[in-house]
Amino acid sequence: MMDKAFVKKAMQGGMAEVDLGKLAAEKGSSEDVKQFGQQMVDDHSKLNEQMKPVAAQLGVSAPKEPSKKDQELKTKLQALSGQQFDEAYIKAMLKDHKKDHDEFSNEAQNAQDPNVKQVAQQGDQLIQQHLQHIEQIAQAHNIPASGKSKGGA
């Protein structure tokens, strides 16, 4: 049961990463944010493709849209531009990839289904790379990697 919930949530999260990545590739004001956004589109599209057969085997139907929370984040980001957009996107990606890393590494260790275990391990490796990358971008933009803004928010 846990495996099914993980796969559905992971695919939904991946869908959001693709949506937000497209937004960053279009609206990002700095080259590193645009490139990271495009990387999210490419990598998470691939990861979702790898998950589809596993989901089908478990009887999990692919989600039609990102979660309500991710849709709200997208709406918030769409209203921003320039440096404000970059900062909000970077903070969202820091927070998101830390949470995803926890979930994927936990599933990689505890999955019952060997296919879910494998896709979770692959996904976690990818997410760790993304997390390191977004931490470097955050540093370049003087955003603390903790995801909190200056002056504590």
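The mean pLDDT of the protein chain is 93, and 94% of its residues reach 70 or more. The model is predicted.

**View 1. The protein chain has five helices and zero strands.** Read from the N terminus, its elements run α-α-α-α-α. The C-alpha atoms fill a box of roughly 45 × 25 × 25 Å along the principal axes. A compact globule with 153 residues would have a radius of gyration near 15 Å; the protein chain has 15 Å, which agrees. Of the 153 residues, 42% are buried. Take the contacts between residues at least 6 apart in sequence: 80% of them join residues at least 24 apart.

**View 2. Helix 3 spans residues 68–78 and has Asp70, Leu73 and Leu77 as its buried residues.** Seen down the helix axis, these buried residues fall within an arc of 55°, so they line one face of helix 3. An α-helix has 3.6 residues a turn, so residues three or four places apart point the same way. The other side of helix 3 carries Lys68, Thr75 and Lys76, which are exposed.

**View 3. Helix 3 packs through its buried residues against helix 1 and helix 4.** Helix 1 covers residues 2–27. Helix 4 covers residues 82–110.

**View 4. Asp70 of helix 3 is buried yet has no salt bridge.** The nearest side chain of opposite charge is Lys69. Lys69 is 5.8 Å away, whereas a salt bridge requires a nitrogen–oxygen pair within 4 Å. Beyond its neighbours within four places in sequence, Asp70 is in contact with Gly13 and Ala16.

**View 5. Lys98 lies in helix 4.** Its relative accessibility is 30%, so Lys98 counts as partly exposed. The cut-offs behind this are under 20% for buried and over 50% for exposed. Lys98 and His130 are 32 residues apart along the chain. Their C-alpha atoms are separated by 9.7 Å.

**View 6. Residues 147–153 have pLDDT under 50 throughout.** For this segment the model has four contacts beyond four places in sequence. Where pLDDT is low, the predicted coordinates should not be read in detail.

Note on methods: Residues are numbered from 1 along each chain as its sequence is written. Side-chain values use heavy atoms; hydrogens and water are left out. pLDDT is the predictor's confidence in each residue, from 0 to 100. Contact means heavy atoms within 4.5 Å. Buried means under 20% relative accessible area, exposed over 50%, partly exposed in between (1.4 Å probe, protein chains only). Helices (H or I, at least four residues) and strands (E, at least two) are DSSP runs, numbered from the N terminus. The arc is that of the directions from the helix axis to the C-beta atoms. Lys and Arg count as positive and Asp and Glu as negative; His and the chain ends are not counted. The radius of gyration is taken over C-alpha atoms; the globule rule is 2.2 Å times the number of residues to the power 0.38.
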